[in-house]
Amino acid sequence: MYCPFCNHRDSRVLESRLSHENSSVRRRRECEGCRKRFTTFERTEAFQLLVVKASGEREPYSATKLRDGISRACAKTVVTAQQIDELIEEVEIELQASGKKEVLSTALGDMVLIRLRVLNEVAYVRFASVYRQFQSVEDFIAELNLLRSTSEASLHANNSIAAAREKAN
Ligand SMILES: [Zn+2]
């Protein structure tokens, strides 16, 4: 396990956590070279999960398929391939942690959407249009309005936090 900071080969395991009902091991490590700490996730077997489509049909979860969908939504945006990989990894960890053997495709879509929204508004709406199967322009506009009002709300929240800080100083 190479150190992501200095590429040193050896690291010391500080903590290991095995999640039950799946085979993922999370390890907190310290590099023997630069002493920086990092976390690794190791899988002891393939990640197996069934995705339940709207029709009720099941298909095996495929990271490749999910990556294709996200990549399409992120085309010509500033979202990087690494950000997409990290997003998928986060979703998989959450799914593994849940211990479920099946996930609704809409629930999977929502897990991606929550994260895409933070990364890029355009990618978010594009992905939502596929996963939530928007039927009309009105659906699109409704989603955009929702996005605007909630991001404005969080902006206001940030402003009041900043104001409170100024007062405290
Ligand atoms: Zn290092």
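Two strands pair if DSSP finds at least two bridges between them. In this predicted model, Val51 stands opposite Val103 in strand 6. Strand 4 (residues 50-52) and strand 6 run parallel, joined by three bridges.

**Helix 3**

Helix 3 covers residues 105-119. Its 15 residues, at 1.5 Å a residue, should span 21 Å; the end C-alpha atoms lie 21 Å apart, so the two agree. Gly109, Val112 and Leu116 are its buried residues. The cover over them includes these helices:

| Helix | Residues |
|---|---|
| Helix 1 | 63-73 |
| Helix 2 | 81-98 |
| Helix 4 | 121-131 |

**The core**

Which residues have the most contacts inside the largest nonpolar core? They are Ile70, Ala73, Cys74, Val112, Leu116, Ala123 and Phe127, in a core of 14 residues. Helix 1, helix 2, helix 3 and helix 4 each supply at least two residues of this core. Helix 4 gives the largest share, four residues. In soluble globular proteins, nonpolar side chains tend to be buried together.

Val112 is buried in helix 3. Beyond its neighbours within four places in sequence, Val112 is in contact with Ile70, Leu87, Val91 and Phe127.

How values were computed:
Residues numbered from 1 in each chain as written. Predicted model: local features only at pLDDT ≥ 70, side-chain atom pairs only at ≥ 80, totals over all residues. Expected span 1.5 Å × (residues − 1). Buried ≥ 20, exposed ≤ 12 C-beta atoms within 10 Å, placed from the backbone. Contact = placed C-beta atoms within 7 Å. Core = buried A, V, L, I, M, F, W, Y, C linked by C-beta atoms within 7 Å.
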